[in-house]
Amino acid sequence: MPSKAKTGKKLVIVESPAKSKTIAKYLGEGFIVEASIGHIRDLPQPSELPAELKKTSVGKFAVDIEHDFKPYYVVSPDKKKKVTELKAALKDADELYLATDGDREGEAIAWHLLEVLKPKVPVYRMTFGEITKEAIQRAMGNLRDVDQDLVDAQETRRVLDRLYGYEISPVLWRKVARGLSAGRVQSVVTRMVVDRERERMAFKAASYWDLTGQFGADTGSFKAKLAAVDGAKVATGRDFNDNGELTSRNVAHLNEELATSLAAGLQDASFTVRSVDTKPYTRRPAAPFTTSTLQQEAGRKLRFSSKSTMQIAQRLYENGYITYMRTDSSSLSDEAVTAARRQASELYGPEYIPQSPRVYTGKAANAQEAHEAIRPAGDSFRTPAQVAKQLSGDEFRLYELIWKRTVASQMGDAKGSTATIRLGAVASDGRDAEFSASGTVITFPGFLAAYEEGKDETRGDDDSDEARRLPNVAKGDSLTAADILAVGHETSPPPRYTEASLTAELEKKGIGRPSTYASTISTIQDRGYVRKQGSALVPSWIAFSVIRLLEQHFSDYVDYEFTADMEGDLDKIANGQEAGASWLRHFYFGEDSDPGLLSIVNNLGEIDAREINSIPITDDITLRVGKFGPYLESSAATVDPKTGEIVESARANVPEDLAPDELTAAKAIELMETAAPEERVLGTDPHTGHTVVAKNGRYGAYVTEIIPEMTEEELAKQPVEYYKNGKPKPPKKPVKAKPRTGSLFKSMTVESVTLDEALQLMSLPRALGEDAEGNLITVQNGRFGPYLKKGTDSRSIGSEEEIFTITLEQALEIYSQPKQRGARASVPPLAEFGPDPVSEKNIVVKEGRFGPYITDGITNITVPRATSLEELTREQAVELLAEKRAKGPVKRTATRKAPAKKKATAKK
């Protein structure tokens, strides 16, 4: 067979269209760049397997657990067309370059392309950390083969996640709620958020007092704080544990009485300087960004979510503005160091550059393959001003952050001095009081001229030195005193995690990969395990149930150290030190005294679902996680204050926006005492004989009918169906009739609604009659109020009460008027949050067709279902708009009609 003629074409495959456009600019003639658009194949759902495989060792997971855990891959349905296009492009090419990302995921994409395309031409693996001309040229000179060890590590992780999720999730479905999921990393991250909330729930505040005063000298005045009484250090928040107990010895614990009496006794006292201590101050710049530190800092400074940060960074990388954004390394290439030092010298002066370059080698506990730090792309950096017109607002802000951090990392230390003044006096009652004041003065800003790192919320007293200059005083100088005040404090519980602080803690513990933190944090919110309250992450009650079950029955699989060790094992596989198949065999089947996942699942024993879903709040009140959400249940018999009846096991709904640590014993009792009756029998429908009840549901009060279950005699009378062979089929479970329901009007309550009103509500929609063309007109209640409906034409009416009084003539009169579109535009906004930092337009919350939404007049985003309008903050509104902008406009696929087929012309 003759060999294929040379075409001179070289096919380059990358992951994304944006990356393909950028790289195409730097390749020479003859290169064709195509995008695979991510992975082209993956594990299917077991239900999608061919029938002949479903009963084999592949059937349970789409992984052959009996033969080295070999995955059964299929080309994704939405990628079949793409694979066909790539094969067609490959036919005309003499060489194939796989230029996907250089991490494990990118290596796996390259391997899958190799497996599916089956090229018969030379294949080269090409990787680069940035998309610039210089980087592409260097990459072409460092071609290699696909790294099978990296592929093995990624495949092992994919199979591991399938085994974990498919074995443990069904247990959650049976014992907590349908639709829940367990994940190797997501469950551990959820546990971290739950553990922090548990700490807050168990926390007991302690009270302590101190004094502040304003002191003056000839050279100026300053504020100082009480530091010691009679030589004993004054107790601060750090001296108490979370049980409210004083743990430090030999400290003076001041209460309100002692503090106020001391303040009174110092009003006329003579204060003198007792000591002045001055120390040099030096501060080094932070290292360039890794994936984790970029997410943290963008959260602190820009209020971006982790997900939004990575979406924006992805676009900056693919369009050639920054280096690869998934990296654990903080090191810079020699070219980048030179560029940063040159730019810092040009912008701030040569004195701002240290004599020798700074070298950053520190890595996280879970560092993966070595990449360069995230920095501006190129061997010379573009300043933010040079790219401002090419980037969107959020892209510019993130680029500027990366540029500042990179340049600052190669600048000199900030230098100055920190002075501490100790001053004191003897109170009128003889107690000796000593105050302290500290201040730091920066004499050379160094890297601070370009950038200063943000900080997360911390506990305890803020004793950080302020950037202030204290007056020039000497030991023995007399001082004037004013405004000596007693100030009370309470210890604070551990702060809830934000996305930034959770990311930092995950990296510290070595759990998961920094490149997956954004998707993991997003997933636990999408699953309903965690919601945002401002920027804080608050766990749901269902998360408590899930974590409790996992801790009791799958303790290793939510253990922090165990999970971190798994990442270390995956690193060994990536480095070729261990085989993925043998590691998976040990994980799933176990070995000797170490049980595997399969053994644990098969020997779970009896799990008490009620106990798992119950959390005691008081001796008599327990929180239950039920099918329709959390509720409180009292085991003590109570008397209904309205009816005087004794109620056993009274219940009360728990407000969705009430954080778990806010459900104190006092709050639980209040909710029980103010709870409306869960159900009230109104009577019997005279036409059906069904009992009609009024209920308080999760989404408001409503009325409904109770349809009794079929009796055994009625079931026996059901018609019998037969197979073709004449044998009777097993009796089908009868389809349960759907009860009629109706939401109560705003003027009605469960306690006041009558049977007649309930029957009216359940009869809706109400038919009014037909118009001249025979179109039926009905009236009903909806989410936005009562309205008329004629086909697809809806018209609002005045009040809910009109639903039962409006006539056909009145309805026809309304329809005779032109429909007023946009009439709702004049409705005032539900909330206002001031100008958006990017668009500078006013941010408002409006009521829309599908619920409340946030808008700045340019970008719209629906308010998340888990967030109430009352708890929506400006920061959250800004962040949601930023995330929406980061996603870019929604791409709408135009639908085209197929051309009409030409009629065949008969041959003559």
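This is a predicted model: local features need pLDDT of at least 70, side-chain atom pairs count only at pLDDT 80 or more; totals for chains, interfaces and linings use all residues.
Some ground rules. Local features need pLDDT of at least 70, side-chain atom pairs count only at pLDDT 80 or more, and totals for chains, interfaces and linings use all residues. Residues are numbered from 1 along each chain as its sequence is written, and side-chain values use heavy atoms, with hydrogens and water left out.

Cores first. A nonpolar core is a set of buried Ala, Val, Leu, Ile, Met, Phe, Trp, Tyr and Cys residues joined through side-chain atoms within 4.5 Å. Buried means under 20% relative accessible area, exposed over 50%, partly exposed in between, with a 1.4 Å probe and protein chains only. The largest core has 92 residues. Phe554 and Leu632 have the most contacts inside it. Helix 5 (residues 148–175) gives the most, with 10 residues. Helices here are DSSP runs of H or I, at least four residues; strands are runs of E, at least two; both are numbered from the N terminus. A second, separate core has 56 residues, including Ile23 and Met126.

Now helix 20, residues 665–674. Ala668, Leu671 and Met672 are buried.

Last, His690. It sits in the loop between strand 27 (679–684) and strand 28 (691–697). Buried or exposed? His690 counts as buried, at 18% relative accessibility. Its side chain joins that of Glu705 through a polar contact of 2.9 Å. Such a contact is a pair of N or O atoms within 3.5 Å; within protein, one must be able to donate a hydrogen and the other to accept it, and residues adjacent in sequence count only if both atoms are side-chain atoms.
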